[in-house]
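Here are my notes on the model, as numbered points. Please keep the structure open while you read them.

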Amino acid sequence: MKQSAKIIFAFVLVFVLCSSAFAALPSITMLSTKTCPACEQMMRVLDELKTKYGNSIEASLIYLEEHPDIAKKYDVRYVPMLIFKNANGQEIAREIGYKPLKNVLEVFRKAGVKI
């Protein structure tokens, strides 16, 4: 094999290995308000999710007072609203209200997301 072909092969191999390490993750986004008691409880679930499954699921929080455009986009009427997305960024589920960790994980599993 020519030297240039070996170098190209090495770059391709490194790219493939590195790209899988930085692949997008499935995610859950909680749409919340700062005064919502159920949202406070749900924040604890998101924290536990980050601690236990942070390498396989991303979790984020958006306060609707600060982002009214998002409230309009998702037609939020009740909070917390949980938006579940697969690794490709496609919405796979939308849930309203407090959900314990086992129920959050079940939503992902039912959508075929491996955790």
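1. One term first: a residue counts as buried when its relative accessible area is under 20%, as exposed when it is over 50%, and as partly exposed in between. The model discussed here is predicted.

2. The overall layout. The chain contains four helices and four strands. In sequence order these elements give the pattern α-β-α-β-α-β-β-α. The chain has 115 residues, of which 32% count as buried. Its accessible surface is about 7,700 Å², and carbon and sulfur atoms make up 57% of that surface. Among contacts with a separation of 6 or more, 60% are between residues 24 or more positions apart.

3. The sheet. The four strands form an open sheet in the order β2-β1-β3-β4, and the pairing is mixed. β2 and β4 are at the edges with a single partner strand each, so one side of each has no neighbour in the sheet. On average, neighbouring strands are turned by 15° against each other, direction ignored.

4. The pairing of β3. Which strands pair with β3? One is β1 (residues 27-32), which runs antiparallel to β3 and is joined to it by five bridges. The other is β4 (residues 91-96), also antiparallel to β3 and also with five bridges. M81 can be followed to both sides: its bridge partner in β4 is I96, and M81 is itself the partner in β3 of L31. Next along, L82 stands opposite E95 in β4. As a general rule, side chains in a regular strand alternate between the two faces of the sheet.

5. Cover and turn. Is β3 mostly covered or mostly open? Strand β3 (residues 81-85) is mostly covered, with four of its five residues buried. β3 and β4 make a hairpin with five residues between them, and G89 in that turn has a positive phi of about 85°. Another glycine with a positive phi, near 85°, is G112, which follows α4.

6. Helix α2. This helix has 17 residues and spans 24 Å from its first C-alpha to its last, close to the 24 Å expected at 1.5 Å a residue. Its buried residues include C39, M42, M43, V45, L46 and L49. Why are these six said to lie on the same side of α2? They cover an arc of only 165° around the axis, and this puts them on the same side. The elements covering the buried residues of α2 include β1, β2 (58-63), β3 and α4 (101-110). α2 packs on the sheet, where it touches β1, β2 and β3, and its direction makes about 160° with that of β1.

7. C39 has a relative accessible area of 0%, which is under 20%, so C39 counts as buried. D47 has a relative accessibility of 47%, which lies between 20% and 50%, so D47 counts as partly exposed. Beyond its neighbours within four places in sequence, C39 is in contact with M30, S32, T33, V79 and P80. Of these, V79 is 40 residues from C39 along the chain, and their C-alpha atoms are separated by 6.9 Å. For D47 and S60, which are 13 residues apart in sequence, the C-alpha to C-alpha distance is 9.5 Å.

8. Helix α4. α4 lies across β1, β3 and β4 and runs at about 35° to β3. Its buried residues are L101, V104, L105, V107 and F108. These residues cover an arc of only 150° around the axis, so they are on the same side of α4. The face turned away from this buried side carries the exposed residues K102 and K110. What covers the buried residues of α4 includes β1, α2, β3 and β4.

9. To recap the two helices: the cover of the buried residues of α2 includes α4, and the cover of the buried residues of α4 includes α2.

Key. Residues numbered from 1 in each chain as written. Predicted model: local features only at pLDDT ≥ 70, side-chain atom pairs only at ≥ 80, totals over all residues. Heavy atoms only, no water. Buried < 20%, exposed > 50% of the residue type's maximum accessible area, 1.4 Å probe, protein only. Contact = heavy atoms within 4.5 Å. Areas by Shrake-Rupley, 256 points an atom, 1.4 Å probe, with all protein chains shown as cover. Pairing = 2+ DSSP bridges. Expected span 1.5 Å × (residues − 1). Arc of directions from axis to C-beta. Axes fitted to C-alpha atoms, helices over the stretch in contact; angles between N-to-C directions.
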